[in-house]
Amino acid sequence: MSERRLWTARAGWLLDGLAPPRRNVRLVVEGTRLVAVEPFDGGQFDLDFGDGVVVPGFVNAHTHLEFGALTEPTSPRDTPVPFAEWLRELIAARRAAALERSPESLRDERRTGVVLGLDELSRSGVTMVGEIARPDWPEATLAGPVDTLVFLELLGLSRARVEPLLAMAKAHLNRAAVANEASGGAVPFADWQAGLSPHAPYTVHPDLLAGACRLSLEHQVPIAMHLAESWDELELLRSHSGALVETLREFDAWDPSALPRGLTPSDYLQALAKAWKTLVVHGNFLSSADYGRLAEDRERMSVVYCPRTHSRFVPTRYPLAEMLAAGVRVVLGTDSRATNPDLDFLAELRWVASRYPEVDRATLLRMATTDAAIALGLTNRGALIAGQRADFVVLQSDAGGDHNPWEWLESVAWIPASVCLGGVLRSTTEKKQLPAGCPG
Ligand SMILES: [Zn+2]
């Protein structure tokens, strides 16, 4: 039996986006869980977070950590970058690397990206991430500084790829189930959460999508799919033409027999509604009728907005306020370093706060915490209430004096000084700790 250590901490402020900000609170943690969050009116405590602000650990709903070591996004140039062009450069770079380098060296590079990416996310206050993973994703990093929901990426437009990919998907889900059962909750692999990611309409055969949705329901795991990301994607679906078709043809990755003409994102939402839970990644070009459908099914379907990535590709404003007003559950993701300058989740939040003043702060915080946990199908995370996993961030500033509890959303003087993951507190300023089994 593992020891269930109990400790307490006092903080100046607690914010969860669910209730008004609370002044002077005491948190009680036992083992991996919060057992009480209560007003502090004197008495004992083990740790003092001073005038710091405690918020739930951030839940980053979408990234691809394999690009975690990139120093600048693919196709660096003035924005906006045409999506099909960005994809062309990404595929060309991947294919060139596959020809020039050994599979082991590529795998090592991706693993290093994942390790660096998890560390960067943790330093910005993330405790849970929805990661899109290639088949050789390094499971050893599950013991890292951020808990991970590993969405296995499924790429196959031709009918011939459907059965092998569904077999791979099943193996992925079974591996997670076996690892969790074997650990009995005592080791980090207990947090081996699995999901499936049929990549996008232009890379996924409809039978593959239907099969993945069936597996999602059967295993009660979420699905994440890139959808309505670019105008080029909509044109491809509508008329089998346009820049995206040209790019895919160039790499022999276009199969017009796989998709009937005249499809729309709404058709995909209909297919995705059959999954247990769905994350619609991007959703930049959904219609108001689509918002209605997503709002109706908001307990099971969410949209992941990746703010700085959207601004890189799309010159028009993201319809965030419109979606929220319609009742859509919108959550946040950093996406990857192939499209974003960094993986700083707090920077992503501040970016939205400064550009969308019409979205109230409590809603924004929930998009980054409670709502994102619900979107990923996780019931024991995302809020600061007794019984939840003890995942939280302590934001602190040297400024001192009285402050508005939301000031950290505006001022970079506030940093996520400590992050608590499953009851274990870690300073973000300590030297980087690599998890066992990962290259240094
Ligand atoms: Zn993505």
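**Reading a predicted model, feature by feature**

Analyst: G262 is partly exposed, with a relative accessible area of 45%.

User: Why does G262 count as partly exposed?

Analyst: The class follows from two cut-offs, since buried means under 20% relative accessible area and exposed means over 50%. G262 has a value of 45%, so it is placed in between, as partly exposed.

User: Where in the fold is G262 found, and which residues does it touch beyond its sequence neighbours?

Analyst: G262 belongs to the loop that joins α6 to α7 (265–272). Apart from neighbours within four places in sequence, its contacts are L237, R238 and D267.

User: How should I read the model as a whole? How many helices and strands does it have?

Analyst: An account of the whole begins with its elements and its extent. The protein contains 13 helices and 16 strands. Its radius of gyration is 21 Å, close to the 22 Å that the globule rule gives for 440 residues, and it is therefore as compact as a globular protein of that length. Along the principal axes, the C-alpha atoms fill a box of roughly 70 × 45 × 40 Å.

User: What share of the residues is buried, and what share of the contacts joins residues at least 24 apart?

Analyst: Of the 440 residues, 57% count as buried. Among contacts between residues at least 6 apart in sequence, 72% join residues at least 24 apart. The accessible surface comes to about 17800 Å², and carbon and sulfur atoms account for 53% of that area.

User: How many positive and negative side chains are there?

Analyst: There are 44 positive and 56 negative side chains, and the centres of these two sets lie 2 Å apart.

User: Is helix α12 mostly covered or mostly open?

Analyst: Helix α12 (residues 361–368) is mostly covered, with 6 of its 8 residues buried. These buried residues are A362, T363, L364, L365, M367 and A368. Their cover includes strands β5 (53–56), β6 (58–63) and β13 (329–332), together with helices α10 (320–326), α11 (345–355) and α13 (370–375).

User: What does M367 contact?

Analyst: M367 is located in helix α12 and counts as buried, at 0% relative accessibility. Once neighbours within four places in sequence are set aside, M367 is in contact with L320, L324, V330, V331, L332 and A372. R261 is 106 residues away along the chain, and its C-alpha atom is separated from that of M367 by 35 Å.

User: Is R214 buried or exposed?

Analyst: R214 counts as exposed because its relative accessibility is 55%, where exposed means over 50%. It is found in helix α4 (residues 206–219). R214 and K274 are 60 residues apart along the chain, and their C-alpha atoms are separated by 7.3 Å.

User: And T203: where does it lie?

Analyst: T203 lies in the loop between β9 (193–198) and α4. Its relative accessibility of 12% means that it counts as buried. The C-alpha atoms of T203 and T127, 76 residues apart along the chain, are separated by 31 Å.

User: Finally, what is the phi of H240, and what is the phi of D335?

Analyst: Phi of H240 is near 55 degrees, a positive value in a residue other than glycine. Phi of D335 is also positive, near 55 degrees. H240 is in the loop between α5 (231–239) and α6 (243–250), and it counts as buried at 11% relative accessibility. D335 is in the loop between β13 and α11, and it counts as buried at 4%.

Conventions. Residues are numbered from 1 along each chain as its sequence is written. This is a predicted model: local features need pLDDT of at least 70, side-chain atom pairs count only at pLDDT 80 or more; totals for chains, interfaces and linings use all residues. Side-chain values use heavy atoms; hydrogens and water are left out. Helices (H or I, at least four residues) and strands (E, at least two) are DSSP runs, numbered from the N terminus. The radius of gyration is taken over C-alpha atoms; the globule rule is 2.2 Å times the number of residues to the power 0.38. Buried means under 20% relative accessible area, exposed over 50%, partly exposed in between (1.4 Å probe, protein chains only). Contact means heavy atoms within 4.5 Å. Accessible areas come from the Shrake-Rupley method with a 1.4 Å probe; for residues, only the protein chains shown count as cover. Lys and Arg count as positive and Asp and Glu as negative; His and the chain ends are not counted. The place of a charge is taken as NZ of Lys, CZ of Arg, CG of Asp or CD of Glu.
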